[in-house]
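Please look over the sequence and the model shown here. The paragraphs that follow go through its strands and its charged side chains.

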Amino acid sequence: MNQALQDVIEHREHMIYELRVYRVVQGRMADLLARFEHQTLPIMARHGFLQAGFWTTIVGRSEQLTYLLAWGSLAQRQEQWAAFESDAEWLAIRKSTEENGPLIFEIESSLLRPKNFSAVK
């Protein structure tokens with residue numbers, strides 16, 4: 001667990017988690033992973049996003065990227081997503097990395113609240 005996420009968890013009684021599942025265009029997973037690792041994550045961090053993990057599917061639906069974000073509140077989530085989605089650097093990166101077509105064809109997002117018996121709060 002990264003230190004920023006650990007610090008937030010220690011000072012918050014209950015976090016809200018956002019589970020995001022990206023259905024990736026066939027043959028574009030490497031491009032999407034590279035964009036996240038080298039371009040998207042630094043911009044997300046600049047806007048205060050706290051990522052709790054990223055996964056690719058090894059059994060089940062292939063060409064899928066799943067990740068988890070941690071939020072202190074729904075208002076924080078809304079503010080930070082709005083800032084990210086209007087970030088000029090992000091918009092330029094998205095445009096340049098999708099010149100040969102989109103990387104993702106579907107995004108599923110669920111907001112989760114841990115229960116009192118959950119190991120993750």
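Two strands are said to pair if DSSP finds at least two bridges between them. The helices (H or I, at least four residues) and strands (E, at least two) named here are DSSP runs, numbered from the N terminus. The model is a predicted one, in which local features need pLDDT of at least 70 and side-chain atom pairs count only at pLDDT 80 or more, while totals for chains, interfaces and linings use all residues. Residues are numbered from 1 along each chain as its sequence is written, and side-chain values use heavy atoms, with hydrogens and water left out.

β1 and β4 are antiparallel partners, joined over eight bridges. Within this pairing, Val-21 is opposite Glu-108 of β4. β1 also pairs with strand β3 (residues 64–71), again in the antiparallel sense and over eight bridges. Here Ile-16 has Trp-71 of β3 as its bridge partner.

How many of the nine residues of β1 are buried? Eight are, so the strand is mostly covered; buried means under 20% relative accessible area, exposed over 50%, and partly exposed in between (1.4 Å probe, protein chains only). In a regular strand, side chains alternate between the two faces of the sheet.

Next come the charged side chains. A salt bridge is counted when a side-chain nitrogen of Lys or Arg is within 4 Å of a carboxyl oxygen of Asp or Glu. The structure has nine of them. One joins the side chains of Arg-20 and Glu-18, at 2.9 Å from N to O. Both partners are buried: Arg-20 has a relative accessible area of 9%, and Glu-18 has 0%. Glu-18 and Arg-20 also belong to a salt-bridge network together with Arg-77.

Another salt bridge is formed by the side chains of Glu-106 and Arg-23, with an N to O distance of 3.6 Å. Because Glu-106 lies in strand β4 (residues 104–112) and Arg-23 in strand β1 (residues 16–24), this pair ties together parts that are 83 residues apart in sequence. Glu-106 is partly exposed at 36% relative accessibility, whereas Arg-23 is buried at 10%.

A further salt bridge connects Arg-46 and Asp-87, whose closest N and O atoms are 2.5 Å apart. This pair links distant parts of the chain, 41 residues apart: Arg-46 is in helix α2 (residues 29–46), and Asp-87 is in the loop between α3 (74–85) and α4 (88–97). Asp-87 is buried, with a relative accessible area of 10%.
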